[in-house]
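This briefing is meant for someone meeting the structure for the first time. Please keep the sequence and the 3D view at hand while reading.

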Amino acid sequence: MTTVAEAPMEVATAMPQRRTARTTRPTQRIVLTGFMGSGKSTVGRLLAESLGWEFLDLDHVISARTGKTVPQIFAEQGEPAFRREETAALVSVLGRSRVVIALGGGAPETLGNRLLLEQTPATAVVYLEAAFPTLADRCMTQALDPTATARPVFADPAVAEKRFHMRHPLYLRLASTRLDTGSLTPEEVAESLIEVLLLSAK
Ligand code: S3P
């Protein structure tokens, strides 16, 4: 695991051995993971733009495949049905190359998703990290925007906090790189990732 703030230029040596197979081939996919409000979509868009790669937001892929918004799927079919759509959407995007993918915050809860990500070659999984109060502030600010998609899992902040603590070790285990986004702008996060993943901006 590489912590950008601690060792920005030591990716290869800091990688645990089991990551080696993934990192010896040039990275073709960057997958951003982290809790709601961690900046996955904003950073992903900026990163893809800098690299000249495609950007895919998994929630948008789910909506395009189902013809429904995420809150609609939660309300009409329940969370387990949403999770099944999420896995199907993940399978559909992992075949692409030169792509930045923003996962939904709950995707790593599903074991099958974690296995898919671990077994897809040339795939760098990045954990965009922040403390829960920072994430909660960002989610509440974003919820004030009438055009923003509602987040059913954030409906009760106390329940969301429990899920954050349950997910944190899963994000950590899944990611080969972690970055504390607490005091960084999305632009700074995207720049750091280009540096730490040893990629070249276009
Ligand atoms: C969810 C996060 C959302 C979306 C859905 C469920 C979660 O994505 O997938 O509302 O379980 O944390 P963002 O992390 O992009 O908000």
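The model described here is a predicted one. Its secondary structure comes to ten helices and six strands, and buried residues make up 46% of the 202 residues in the protein.

**Overall picture**

- Among the contacts between residues at least 6 apart in sequence, 77% join residues that are at least 24 apart.
- The protein exposes about 9,800 Å² of surface, and carbon and sulfur atoms supply 55% of that area.

**The largest pocket**

- The largest pocket holds about 1,100 Å³ of space, and its lining is made up of 44 residues, of which S41, D59, Q142, T149 and R151 lie nearest the centre.
- Six elements are listed as giving two or more residues each to this lining, namely α3 (40-51), α4 (58-66), α5 (70-77), α6 (79-93), α8 (132-143) and α10 (186-196).
- Sorted by class, the lining of the largest pocket has 18 nonpolar, 16 polar and ten charged residues.

**Helix α10 and what follows**

- Helix α10, which is among the elements that give two or more residues to the pocket lining, has V189, A190, L193, I194 and V196 as its buried residues.
- In an α-helix there are 3.6 residues a turn, so residues three or four places apart point the same way.
- Just after α10, L198 takes a positive phi of about 55 degrees.

**T123 in strand β5**

- T123 is found in strand β5, which covers residues 123-129, and T123 counts as buried because its relative accessible area is 3%, where the cut-off for buried is under 20%.
- The side chain of T123 makes a polar contact with the side chain of R29 at 3.0 Å, and the T123 side chain also reaches the backbone oxygen of P121 at 3.0 Å.

**L116 in helix α7**

- L116 lies in helix α7, which covers residues 111-119, and L116 counts as partly exposed because its relative accessibility is 26%, a value that falls between the 20% limit for buried and the 50% limit for exposed.
- Leaving aside residues up to four places away in sequence, L116 touches T87, L90, V91 and L94.

Definitions and conventions. Residues are numbered from 1 along each chain as its sequence is written. This is a predicted model: local features need pLDDT of at least 70, side-chain atom pairs count only at pLDDT 80 or more; totals for chains, interfaces and linings use all residues. Side-chain values use heavy atoms; hydrogens and water are left out. Helices (H or I, at least four residues) and strands (E, at least two) are DSSP runs, numbered from the N terminus. Buried means under 20% relative accessible area, exposed over 50%, partly exposed in between (1.4 Å probe, protein chains only). Contact means heavy atoms within 4.5 Å. Accessible areas come from the Shrake-Rupley method with a 1.4 Å probe; for residues, only the protein chains shown count as cover. On a 1 Å grid over the protein atoms alone, a cavity is a set of points where a 1.4 Å probe fits but cannot get out, and a pocket is an open set with protein on both sides within 12 Å along at least five of seven lines; lining residues have an atom within 4 Å of a point. Grid points are joined across faces, edges and corners, and a volume is the space filled by probe spheres set on the points. Ala, Val, Leu, Ile, Met, Phe, Trp, Tyr, Cys and Pro count as nonpolar, Asp, Glu, Lys and Arg as charged, and the others, Gly among them, as polar. A polar contact is a pair of N or O atoms within 3.5 Å; within protein, one must be able to donate a hydrogen and the other to accept it, and residues adjacent in sequence count only if both atoms are side-chain atoms.
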